[in-house]
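Here is a short briefing for a first look. Please keep the sequence and the model in view as you read.

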Amino acid sequence: MKKIILEKFNEALEQTDVEQRYEDISDDQILLESGLDSLGFAILVALLEEELDLDPFQEMEDAVYPTTFGEFVAIYEKYSA
């Protein structure tokens, strides 16, 4: 799951004209410091929904906003099970 998310993360960075790319990313990487803005995260979630046929943020009863890459991945892992 992490590999797919990282691939789409880099694709979202590219689509928002951010030059930074990640070969690997630590779980404690702060999302707000990763290069993606709110539009970039919307693109990322859309790319992941297209790839995985899953949008965990729409399935949640209570909204959760991950602050780190690891938390973001954990949400997808939880809802893909």
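**Briefing: core, rings and loops**

Tyr76 is buried, at a relative accessible area of 0%. Buried means under 20% relative accessible area, exposed means over 50%, and partly exposed lies in between (1.4 Å probe, protein chains only). The model is predicted: local features need pLDDT of at least 70, side-chain atom pairs count only at pLDDT 80 or more, and totals for chains, interfaces and linings use all residues. Residues are numbered from 1 along each chain as its sequence is written, and side-chain values use heavy atoms, with hydrogens and water left out.

**Nonpolar core**

- The largest nonpolar core has 21 residues. Such a core is a set of buried Ala, Val, Leu, Ile, Met, Phe, Trp, Tyr and Cys residues joined through side-chain atoms within 4.5 Å.
- Ile5, Phe9, Leu36, Leu44, Phe69, Phe72 and Tyr76 touch the most other members.
- H1, H2 and H4 are the elements that give two or more residues to this core. Helices (H or I, at least four residues) and strands (E, at least two) are DSSP runs, numbered from the N terminus.
- H2 gives the most, with six residues.
- In soluble globular proteins, nonpolar side chains tend to be buried together.

**Aromatic rings**

- There are six aromatic pairs. Rings of Phe, Tyr and Trp (its six-membered ring) pair if their centres lie within 6.5 Å; planes under 30 degrees apart count as stacked, over 60 as edge-to-face and the rest as tilted.
- Phe57 and Tyr76 form an edge-to-face pair, 6.0 Å centre to centre with 75° between the planes.
- This pair links distant parts of the chain, 19 residues apart: Phe57 is in helix H3 (residues 56–59) and Tyr76 in helix H4 (residues 69–80).
- Phe57 is partly exposed, with a relative accessible area of 27%.
- Ring pairs also join Phe9, Tyr22, Phe41 and Phe69 into a cluster.
- Beyond its neighbours within four places in sequence, Phe9 is in contact with residues including Ile25, Leu31 and Ser34. Contact means heavy atoms within 4.5 Å.

**Aspartates in the loops**

- Asp27 sits in the loop between helix H1 (2–15) and helix H2 (38–52). Asp27 is partly exposed, at 44%.
- Leaving aside neighbours within four places in sequence, Asp27 is in contact with Lys2, Thr68, Phe69 and Gly70.
- Asp17 also lies in the loop between H1 and H2. Asp17 is exposed, at 69%, and its phi is positive, near 60°.
- Asp53 belongs to the loop between H2 and H3. Asp53 has a positive phi of about 55° and is exposed, at 71%.
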